[in-house]
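Hi,

Here is the structure I promised to pass on.

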Amino acid sequence: MKNLSNPPFAHRYLWPVSMLHKNSLLVVIVCFLTGLTTERSLYSQDAEPNKPYNVLFIMSDDLANRLGTYGDPIAQTPHIDALANRGTRFDRAYCTFPLCGPSRNSMLTGLYPNSNGVLGNGQIFRQAIPKHVSLPQAFRLNGYFTARVGKLYHYNVPNSVGTDGHDDPASWEVECNPAGVDRLKEHPNIFSLQPNQFGGTLSWLASEAEDTQHTDSLLADDAVWILERMAKNRNRPFFLSVGLFRPHTPYVAPKAYFEKFPKPQMPLYGNIEEDRLDIPAPALASKKAEQESMSDELKQEAAQAYYASISFMDAQVGKIISALDRLGLADSTIIVFTSDHGYHMGEHGLWQKMSLFEESSRVPLLMVVPGLTSPKSVVATPVSHLDLYPTLTELARVESPKSLQGQSLIPILKNSDEKGRGWALTQVTRGGANGSRFFGYSIRTERFRYTEWDGGGKGRELYDHHNDPSEKANLAEDPKFEKDLAMLSELLHQAIPSTFPVDGETPKLKPGLWAPNLTDVDE
């Protein structure tokens, strides 16, 4: 991309001041309402050929595929299920790294963590590749109004709720950071397996407060607030990102949502010790001592709280989509719904994230593209979070960096039988400082998951999803699958180099802050 000292459409738009916040209400509304005639070079494929696509990008936090549309028998998610029926559901979508910070930076840069430098939380890609153009920034540089409501890049949840978190100022014109009763008042009442630890520890609360007082409800209200203002003046397209916090720990939701899920009906996973016998030690390294000693009653309480938080989050999705429909914006708006990574709820004796099993690596992914996607279409071929950046920019005819590492999903959106790349890669770190860190890489095809730890030297795993969707039997040493293993190992070793930049080296993070520069970007 070029150094855009004069961003596209600057001569036709009243270019808003960057980094506005909701408390600058008057200035924000002026920015919303003073757009002039646009350069009609971004065409959608809907019924109005001169109308550019808007984008509504909704992201949940720590959400596994425990949704009705994905066949979960317990989940109560009518609004997300209805959204899936409007367009395309990807049944095998995967994150690049099962941890909030790396996954989100990867999705929003269109680069694997090995190429953007973010391999942990509390980091932002600008520390390693400051001139790279993020996904929302690409839309912004092409004349779009871009806004963030809630968590898109990494946050320390719950402590950073109500702040910008580890955000990227160049990505947005407007940021909204509401904090509800769950953060401001009820925080001391939350139960935790580790007292006074919440974000990385299983913790929950059945809140006495009404829905409308909670952070995610306030986030949805802010999203509706922005949609209403964009509907009043439709001369300028928008990219609205909504990052809902639930069901991230602490699992806090109004009490009524807990009552939907009777604790005795919550799932338990048995035979854990037997299940672990053929699993390499690094594959289980995300387990925590306090989780290993949980009673069945506590496990079911945690599951109840997780499902309650999902159901509450679903209600907020419904509120946002309802507003999009009511305002007449749906026919010109691409809708994306996903999560940053998957989540364990006791499978293999694991909880939360940071594993390379299916539950941790797989994400929900729904897309509705007016004039392109067919209702209730389902895609079986594996896809990656990386594929969203090139897909959305191509749909909107927005210029994007040449360094993107994903594929466009447009052929698959047009025909759900298209195979595309045919695999998705997820990585994770193990070990620590002093040169002891190593990686696990897992490749997912339509049938198999194959994983190597430290190049296979610390273990290998092979699972046949046609016969073992729960990944109970590691077939890496089974001679019947010797040819499959060899083929998958070769595929994995071909894929891993493609996760690095051209020079083959992961860029190093630079400490400290930086001065944001909206238009000083890589070629």
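**Salt bridges**

Let's start with Arg104 and Asp340: they form a salt bridge, with the closest N and O atoms 3.1 Å apart. Arg104 sits in helix H3 (residues 100-109) and Asp340 in the loop between strands S10 (333-339) and S11 (344-345), so this pair ties together parts that are 236 residues apart in sequence. Helices (H or I, at least four residues) and strands (E, at least two) are DSSP runs, numbered from the N terminus.

Before you go on, note that this is a predicted model: local features need pLDDT of at least 70, side-chain atom pairs count only at pLDDT 80 or more, and totals for chains, interfaces and linings use all residues. Residues are numbered from 1 along each chain as its sequence is written, and side-chain values use heavy atoms, with hydrogens and water left out.

The rule for a salt bridge is a side-chain nitrogen of Lys or Arg within 4 Å of a carboxyl oxygen of Asp or Glu. That gives a count of 28.

Back to the opening pair: Arg104 is buried at 0% relative accessible area, and Asp340 is also buried at 0% (buried is under 20%, exposed over 50%, partly exposed in between; 1.4 Å probe, protein chains only).

Glu297 is in helix H11 (residues 296-326) and Lys263 in the loop between helices H8 (255-258) and H9 (272-275), so parts 34 residues apart in sequence are tied together. Glu297 is partly exposed at 49% relative accessibility, as is Lys263 at 25%.

Cheers
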